[in-house]
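Thanks for making time this morning.

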Amino acid sequence: MSKPFAAALFDLDGVVFDTESQYSIFWGGQCRQYHPERPGLEKEIKGQTLVQIFDRYFADMKDKQVEIVKKLNEFEQQMTFGYIEGFMDFIMSLRANGVKTAIITSSNKLKMDTVYAARPEVNDLFDAILTSEDFEKSKPDPDCYMKGAEKFRLPKEQCVVFEDSFNGLKSGRAAGMKVVGLATTNAAEAIAPYSDYVISDFRSLDYRKICGILDME
């Protein structure tokens, strides 16, 4: 028997906001500078926290980490936060039908302060916002999405994850939730094996349609 759709758990970059191309520029530059031997590393790190990126790829560059953080903070202050097309109508449709909404992001609270300054309405769009400080383990571990379900005291079967990165998609799957993949960062055919349904943006979706697609009515 199918479970009703009760909570939508959204990644931030590339899902709510069209920012992944901006981060690709930043991290592409850092990776080429410090890891020229690993072309494409900026794609591998998507969905990981800054701490995780440093631990895995910059552990022997403690002095450079401080410099990278400074550059990243300055970069984020200049970023634009445009919504993925159709997002506002979609989330309003969910909320009008009683669906709980949350941001589940690998970004930290400092980054979210920048988001709030640019988009103050974000706090009204979501019932909960969980950042990297709230998780013990990073994507692709399911910890973050499991905590999202716990926040609303809902079973995993009633939660739907919206993700764009491979790490995020794997995280949602590992949490045992339905996963909608957004082809905003990677090709649709590449993320399809990790998704229950793939979309390019939210323009074609509303509450009724997603319930029907995922059999969660």
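Leaving aside its neighbours within four places in sequence, which residues is Phe202 in contact with? Before I answer, please keep in mind that this is a predicted model, in which local features need pLDDT of at least 70 and side-chain atom pairs count only at pLDDT 80 or more, while totals for chains, interfaces and linings use all residues. Residues are numbered from 1 along each chain as its sequence is written, and side-chain values use heavy atoms, with hydrogens and water left out.

With contact meaning heavy atoms within 4.5 Å, Phe202 is in contact with Phe10, Val15, Ile84, Glu85, Gly86, Phe87, Phe90, Phe162 and Leu182. Phe202 also belongs to the largest nonpolar core, which has 48 residues, and it is one of four members, along with Phe5, Phe10 and Phe162, that touch the most other members. By a nonpolar core I mean a set of buried Ala, Val, Leu, Ile, Met, Phe, Trp, Tyr and Cys residues joined through side-chain atoms within 4.5 Å, where buried is under 20% relative accessible area, exposed is over 50%, and partly exposed is in between, with a 1.4 Å probe and protein chains only. The largest share of this core, 5 residues, comes from α1. A second, separate core has 18 residues, among them Ala7, Leu130, Val161 and Met177.

In α4, Gln65, Ile68, Leu72 and Glu76 are buried, and because they cover an arc of only 65° around the axis, taken from the directions from the helix axis to the C-beta atoms, they lie on the same side of α4. What covers these buried residues includes α1, α3 and α6, whereas on the other side of α4, Asp63, Val66, Lys70 and Gln77 are exposed.

Finally, the backbone. Most residues other than glycine have a negative phi, and most peptide bonds are trans. The peptide bond from Lys139 to Pro140, however, is cis, with omega near 15°, and Pro140 sits in the loop between β3 and α8. Arg153, in the loop between α8 and β4, has a positive phi near 55° and is exposed, with a relative accessible area of 80%. Asp215, in the segment after α11, likewise has a positive phi, of about 55°, and is exposed at 51% relative accessible area.

Definitions and conventions: Helices (H or I, at least four residues) and strands (E, at least two) are DSSP runs, numbered from the N terminus.
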